[in-house]
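Here is a quick report on ligand contacts and helix packing. Have the chain open as you read.

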Amino acid sequence: MGEVVLNPSSRAEQLAQFTLPSKLPNHIAVIMDGNGRWAVSRHLPRAAGHRAGLQAVRNIVSACAHWKIPALTLFAFSSENWGRPAQEVQFLMNLFHKTLIDEIEQLHENNVCLRIIGDHSHFEPSLQKAITYAQELTLDNTGLNLSIAINYGGRADITYAVQQIAEQVHAGQLQVTDISSELITQHLALNTLPEPDLFIRTSGELRLSNFMLWQLAYTELYFCDTMWPDFDDEALFNAICDYATRQRRFGGIENKENVLVEVL
Ligand code: IPE
Ligand code: IPE
Ligand code: MG
């Protein structure tokens with residue numbers, strides 16, 4: 001977004017300073033947490049934290065695009081965040097709406113394919129229109145797959161998938177025995193992307209807060225204490241390097257030569 005286009009050569013130079021590991025995640029999912037605490041610790045209103053958080057989003061999007069990470073999914077507003085004071089909720093919705101309108105053309109120029117996941121059916125019609133426009137405009141782009149989760153909840157995602165499948169069973173189009181883990185996956189948001197390889201949560205909180213519960217089953221989890229507005233290129237680079245050291249076993253064993261020889 002912003003920076004990539006405004007000063008592309010110096011941004012590219014900044015990012016070229018990092019030597020990335022050869023093993024890169026195909027899909028990074030992030031809970032961008034800590035905007036409020038970032039602001040409060042500076043005696044600023046929480047809204048200032050959300051604005052600063054938006055700048056961190058721009059940086060991370062441009063870094064992922066530059067480093068050729070295929071997919072980035074950002075949790076921006078959870079289905080539980082409606083429980084916040086109405087003023088904060090309104091501020092966040094307005095910030096999202098304005099940013100979407102202001103920056104969609106730049107994202108498109110940067111070949112980003114944008115998806116907005118979550119339940120938007122109760123959003124203001126003008127916001128729904130902006131979302132539809134943004135998704136249609138960037139649909140065929142072949143660069144970074146950027147997904148923003150707004151009014152998203154992992155349980156709601158699974159519930160909706162189950163409802164759709166149940167309807168097909170009810171209509172006689174599917175047998176109960178056709179229901180498999182793959183079929184459920186196909187009915188979830190982001191069903192065209194690989195499941196996240198790397199999950200990042202900032203601000204020191206060690207929980208999933210209802211984010212992509214199904215898709216994170218085998219994702220490598222990375223938690224850091226940095227508040228989201230301070231999460232910069234170096235912080236992302238550190239998370240990617242940490243990921244590169246992980247041995248993913250998916251329930252198997254790492255060294256297949258070291259087999260169990262004792263027979264009970
Ligand atoms: C994350 O920061 C942004 C949203 C949830 C919208 P928070 O607003 O949760 O910041 P903290 O956790 O209160 O510091
Ligand atoms: C998770 O953060 C949601 C987003 C970052 C959008 P929260 O701040 O809402 O999570 P909890 O309340 O600490 O679990
Ligand atoms: Mg929070």
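Ser 209 puts a side-chain N or O atom 2.6 Å from an oxygen atom of ligand 2, a polar contact (a pair of N or O atoms within 3.5 Å). This is a predicted model, where local features need pLDDT of at least 70, side-chain atom pairs count only at pLDDT 80 or more, and totals for chains, interfaces and linings use all residues. Residues are numbered from 1 along each chain as its sequence is written, chains are lettered from A and ligands numbered from 1 in the order in which they are written, and side-chain values use heavy atoms, with hydrogens and water left out.

Ligand 1 has 13 residues around it, with Asp 33, Gly 36, Arg 37, Arg 46 and Arg 84 the closest.

| Residue | Atom in the residue | Distance to an oxygen atom of ligand 1 |
|---|---|---|
| Asp 33 | polar side-chain atom | 2.8 Å |
| Gly 34 | polar backbone atom | 3.3 Å |
| Asn 35 | polar backbone atom | 3.1 Å |

Now for the helices (DSSP runs of H or I, at least four residues, numbered from the N terminus). How do H5 and H6 pack? H5 (residues 86-109) and H6 (residues 125-138) meet at an angle of about 20 degrees, their axes 10 Å apart. H5 is therefore roughly parallel to H6, a label for angles under 35 degrees. On the H5 side, the contact (heavy atoms within 4.5 Å) includes Met 93, Phe 96, Leu 100 and Ile 104, and on the H6 side Leu 127, Ile 131, Tyr 133 and Leu 137 are among the partners. By class, this contact has 11 nonpolar, four polar and one charged residues.

H2 (residues 8-16) and H4 (residues 46-66) cross at roughly 75 degrees, and their axes come within 11 Å. So H2 is roughly perpendicular to H4, the term for 65 to 115 degrees. Here Arg 11, Ala 12 and Leu 15 of H2 meet Asn 59, Ser 62, Ala 63 and His 66 of H4. That contact splits into three nonpolar, three polar and one charged residues.

How values were computed. Axes are lines fitted to C-alpha atoms, for helices over the stretch in contact, and angles run from 0 to 180 degrees between N-to-C directions. Helices (H or I, at least four residues) and strands (E, at least two) are DSSP runs, numbered from the N terminus. Angles under 35 degrees count as roughly parallel, over 145 as roughly antiparallel, 65 to 115 as roughly perpendicular and the rest as oblique. Ala, Val, Leu, Ile, Met, Phe, Trp, Tyr, Cys and Pro count as nonpolar, Asp, Glu, Lys and Arg as charged, and the others, Gly among them, as polar. A polar contact is a pair of N or O atoms within 3.5 Å; within protein, one must be able to donate a hydrogen and the other to accept it, and residues adjacent in sequence count only if both atoms are side-chain atoms. A residue is near a molecule or strand if one of its heavy atoms lies within 4 Å of it.
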